[in-house]
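Dear colleague,

I am passing on the structure that we spoke about, and my notes on it follow below.

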Amino acid sequence: MDLMHHSKEEFIEQIAAGNKVDTGDWMPDDYRQLLIKQIHMHAISEIMGAYPEKEWVKYAPTIQRKLALNAKIQDEIGHGHMLLRLAEDLSAPLGRGREDLLHDVLDGRVKFHNVFHMSAPSWADAGVIGFLVDGGAIITQAMLLASSYAPYARMLKRIVAEESFHMQFGESVVLALASGTEVQREMLQQAINRWWPAMMFFFGPREMGPQSQRMLEYRIRTMTNEELRQKFIARYVPRIHALGMTLSDHELYQDPDPPHFWHYTDPDWDWFNDMVHHNTGPMSQARLALRRGAQEGLAWARHAALQAHATIDVRAATL
Amino acid sequence: MSLVDDAPIYEVFGQRDALSFATYVGSVRAASLELALLLARETYFRREKIFDMWVVPKESVTHARAFDATLLMGSMDKEYRLPSGYDNAPIWKQFKAQAQTIEEVALDVAPPARSSSS
Ligand SMILES: [Fe+2]
Ligand SMILES: [Fe+2]
């Protein structure tokens, strides 16, 4: 807290010593900017991440699956709101508020994860999203539990606890399909083929840019892109193979020598980069249209609710 | 009523360390916010080291129990919403693979235990 002195050098020293920064503490401008960029993008990705799964709610094969998928979507929207509150607190000194932060995605001022620009054409995709996308996101989010920004680390405790259900749900759908008919197994295989390259991109470039390097120095994050991707590959390749599924990456193999690095084919970096920076993915525009419908189409409802309550409070105060 | 009885009540919350959530511990009666903090420390945190304390005027706390529609009903089956509602381990075993838990993943990416501050 007020241990944080008003010099960048001492700030970095404090963080290196394991001290945490809280809302309202003094922080260097670039630390604040990096936090806003990270948490804003994280919040918006949680919200945009609900759309691919929402498509499958009405087609879910059983009532249990429907309830579970719906519950997962509610969680993701909830995660978006928890994180948005943190981004709001950080952005307040810069004169930017909640409506701005939500609008930014519509104006292309904030990105969201590549995986949520992709299409989910089968029920197996709904399962593989829980299995691989949540699986990958869990690795990243569990790493962030050690973040130097305490409000983020605390919120992630709650989020990771809920992700535990997402992981089990995704695996349950995938295991059911893998134990099913040839048609179901083929559907699962196709979905894995679709999502694997997107997951290789998910963790970011092999060489991190200067901003990500800064995030490591400030201990906003504690692992590199490649370290996280390696954890993911090591955890999921054996599981996918155990299911009798294949990965079409012919470069994929693990070095027999320590540190047992996993080799893999580069995803189409340019294609995915263009997708996240300019919303040119297969489903980018369709999902942004849904988001715009919610944000702009329901603006009247938000305002009406605020106004109705303002009236009630005034009446209570004058009684 | 005495002057003492006129003093407001503050609800007291304690936060054990930077990464824990503030927890409700009780209340104090005090003449000001500052005095409430002092009293809260003397009443509730005489021994344990505490990272932060909050005091909140009692009237500022709104209880959900006063508005019955806002609380979840206890008897509904929410198993589908919990990790325990899924028994994947035996199926992973049939595929000769190990089930995984989120705790293992968290351990796998936790930084080496160097930041054992406080
Ligand atoms: Fe989430
Ligand atoms: Fe999730």
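How much area do chain A and chain B bury between them, and what share of it is on carbon and sulfur atoms? The two chains bury about 3500 Å² between them, 62% of it on carbon and sulfur atoms, where buried area is the accessible area (1.4 Å probe) that two parts lose on being put together, summed over both.

Please keep in mind that this is a predicted model, in which local features need pLDDT of at least 70 and side-chain atom pairs count only at pLDDT 80 or more, while totals for chains, interfaces and linings use all residues. Residues are numbered from 1 along each chain as its sequence is written, chains are lettered from A and ligands numbered from 1 in the order in which they are written, and side-chain values use heavy atoms, with hydrogens and water left out.

The contact (heavy atoms within 4.5 Å) takes 45 residues from chain A and 31 residues from chain B. Between the chains the count is 2 salt bridges, a term for a side-chain nitrogen of Lys or Arg within 4 Å of a carboxyl oxygen of Asp or Glu. B:Asp108 forms a salt bridge with A:Lys231, with the closest N and O atoms 3.1 Å apart.

On the side of chain A that touches chain B, the elements that give two or more residues are α4 (63–91), α6, α7 (150–178) and α10 (225–242) of chain A, these helices being DSSP runs (H or I, at least four residues) numbered from the N terminus. The largest share of that side, 16 residues, comes from α7(A).

With best wishes
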